[in-house]
Amino acid sequence: MPKPVVAVVGRPNVGKSTLVNRIAVTREAIVHESRGVTRDRSYHDADWNGRDFALIDTGGIESVKSTDIFAPHIREQALIACEEADVIVFVVDGSTGVTDEDEEVARIVRRQDKPVFLVVNKRDDPSTETDGLWDFYALGVGEPRPLSATHGHGTGDLLDEIVAALPESADEPDDDTLSVAIVGRPNVGKSSLANRLANKKRSIVSDVAGTTRDSIDSLIEWKGRPIRLVDTAGMRKKSQVHEDVEYYSLVRGLQAIDRSDVCLLVVDATVGVTEQDQKVAGMAIDRGCAVVLVLNKWDLVETDQGRDEVVSSIAQRLSFASWIPTVNVSALTGRATDKVLGLAVTAAEARASQLKTSQLNDLLAQIRESGYTKSEKGRRLKMMYATQTGSKPPQISVWCNAPDLVDDNFERFVENRLRGRFDLTGTPVRLRFRKKAEGGER
């Protein structure tokens, strides 16, 4: 059975993300004094007294009269979180008292037939934490609990009550779950693709760049295999990251790549592969991720010339990783999106490949017989033995007499021969040339 779920809801800027970070003992949820920093619902692992559960951090629920264009979407995401949750934590600001927005949130949570804990946050002084608590009984959701998410006062007692209210469940091992990060520049359709693959409205979709600010997980199943989809914030050039929030979103995106098996690099087909797409691909490869190139909005490329320009941009910008498979999709219409997860699983399998030592050395023998090698000042490179010394991605160590003779061109030559022999589509390969006598690494 899946972990029980605890949703944290409330109006903007009452400290929901701070509380989530406190409970999860993490800094995953973006915290900022600006309203509306959290827009989607984001999931975080937590445990207390041996009980594991998932926390959902939601966007601040604003009045239906709000002029914020994202307000209706944020409200919808918060409602979905409440429906998913086994327990709801309703956070209010103890320094301002009850507001109209608090009453609106209270109306939402009262409709849910599940335990609700009313948390009065920002009660940072324990000696006065109970002052004015009676006002919050008017919300009609039970006993108000004073708490300081910043300092941690009251969180232990709250967690004791939450854990006692959680349904009994047996956690299944998560070892077989494939982690897939959806990465790319802002506004290329990452959230639309995530929603299409998850078959639910999981992330807010808008034509405003920068809508997604946190990395957002969705657990799905594809042909019997569990997959964790991570929708990340758009990754801009550092020179274009103007706000603090955008900077932290970039950091979250890199962290999502670090914990993923496969990256779906989403590119706007109407623009083609840009320099920034190239850099994002490079970051994923450097971190050892398998990569699949998803050309989204393909339905909008209507001319042969436009398609040729897209293909040319791939050849130009991703020549260093010609092994990346490509799929042309439309997240809006669903065109070819059924192929995306198949390619991701294939790339993950290639990333986990275990290559036989005997086959690797047969390949070395063929290279030697071809006569292609490197030489300098009377020294000639001789590759004697190869074996796989790491996986995810595959790392191949080659013992030779003079590792210093190996340059980038020769390394690419060996890698291309490896890829010609073994199915390594979608995964980077690490080559290490070592001196046989000393066992030193290049």
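User: What relative accessible area does Lys122 have?
Analyst: This is a predicted model, in which local features need pLDDT of at least 70 and side-chain atom pairs count only at pLDDT 80 or more, whereas totals for chains, interfaces and linings use all residues. Residues are numbered from 1 along each chain as its sequence is written, and side-chain values use heavy atoms, with hydrogens and water left out. For relative accessible area, buried means under 20%, exposed over 50% and partly exposed in between, with a 1.4 Å probe and protein chains only. Lys122 is partly exposed, because its relative accessible area is 33%.

User: Where is the place of Lys122?
Analyst: Although Lys122 is not a glycine, its phi is positive, at about 70°. Helices (H or I, at least four residues) and strands (E, at least two) are DSSP runs numbered from the N terminus. In that numbering, Lys122 is placed in the loop between β5 (116–121) and β6 (144–146).

User: Is Lys223 buried or exposed, and what is its relative accessible area?
Analyst: Lys223, a residue other than glycine, has a positive phi near 50°, and its place is in the loop between β8 (216–222) and β9 (225–231). Lys223 counts as exposed, because its relative accessible area is 74%.

User: How many residues of strand β1 are buried?
Analyst: In a regular strand the side chains alternate between the two faces of the sheet. In β1, Val5, Ala7 and Val9 are buried on one side, and Val6 and Val8 are buried on the other, which leaves both faces covered. Strand β1 (residues 5–9) is accordingly described as mostly covered, the number of its buried residues being five of five.

User: Which residue in β3 does Val8 stand opposite?
Analyst: Two strands pair if DSSP finds at least two bridges between them. Over four bridges, β1 pairs in the parallel sense with strand β3 (residues 51–57). Within this pairing, the residue that stands opposite Val8 is Asp57.

User: In β4, which residue is the bridge partner of Val9?
Analyst: Strand β4 (residues 87–93) runs parallel to β1 and is joined to it by four bridges. Ala7 stands opposite Ile88 in β4, while the β4 bridge partner of Val9 is Phe90.

User: In β5, which residue is the bridge partner of Val91?
Analyst: β4 is mostly covered, with seven of its seven residues buried; Val87, Val89, Val91 and Asp93 point one way from the strand, and Ile88, Phe90 and Val92 the other way. Six bridges join β4 to β5, and the two run parallel. The bridge partner of Val91 in β5 is Val119.

User: What is the order of the open sheet of three strands with mixed pairing?
Analyst: The edge strands, each pairing on one side only, are β15 (383–390) and β17 (430–435). Strand β16 (residues 395–400) runs parallel to β17, joined to it by six bridges, with Ile396 opposite Leu431. The order of this open sheet is β15-β16-β17.

User: What angle does the direction of helix α11 make with that of β17?
Analyst: Axes are lines fitted to C-alpha atoms, for helices over the stretch in contact, and angles run from 0 to 180 degrees between N-to-C directions, while contact means heavy atoms within 4.5 Å. Helix α11 (residues 408–421) packs on the sheet and touches β15, β16 and β17. The angle between the directions of α11 and β17 is about 120°.

User: How far apart are the axes of α10 and α11?
Analyst: Two packed helices are described by the angle between their axes and the distance between the axes. Angles under 35 degrees count as roughly parallel, over 145 as roughly antiparallel, 65 to 115 as roughly perpendicular and the rest as oblique; α10 and α11 are therefore oblique to each other. Helix α10 (residues 357–370) packs with α11 at an angle of about 125°, and the distance between their axes is 11 Å.

User: Which residues in α11 do those of α10 meet?
Analyst: From α10, the residues taking part are Gln359, Leu360, Asp362, Leu363, Gln366 and Ile367. Those that they meet in α11 are Phe413, Arg417, Leu418 and Arg421.

User: Which residues of α5 are buried?
Analyst: Helix α5 (residues 190–198) is largely enclosed by the rest of the structure, because seven of its nine residues are buried. Just after α5, Asn199 takes a positive phi of about 60°. The buried residues in the helix are Lys190, Ser191, Leu193, Ala194, Asn195, Leu197 and Ala198.
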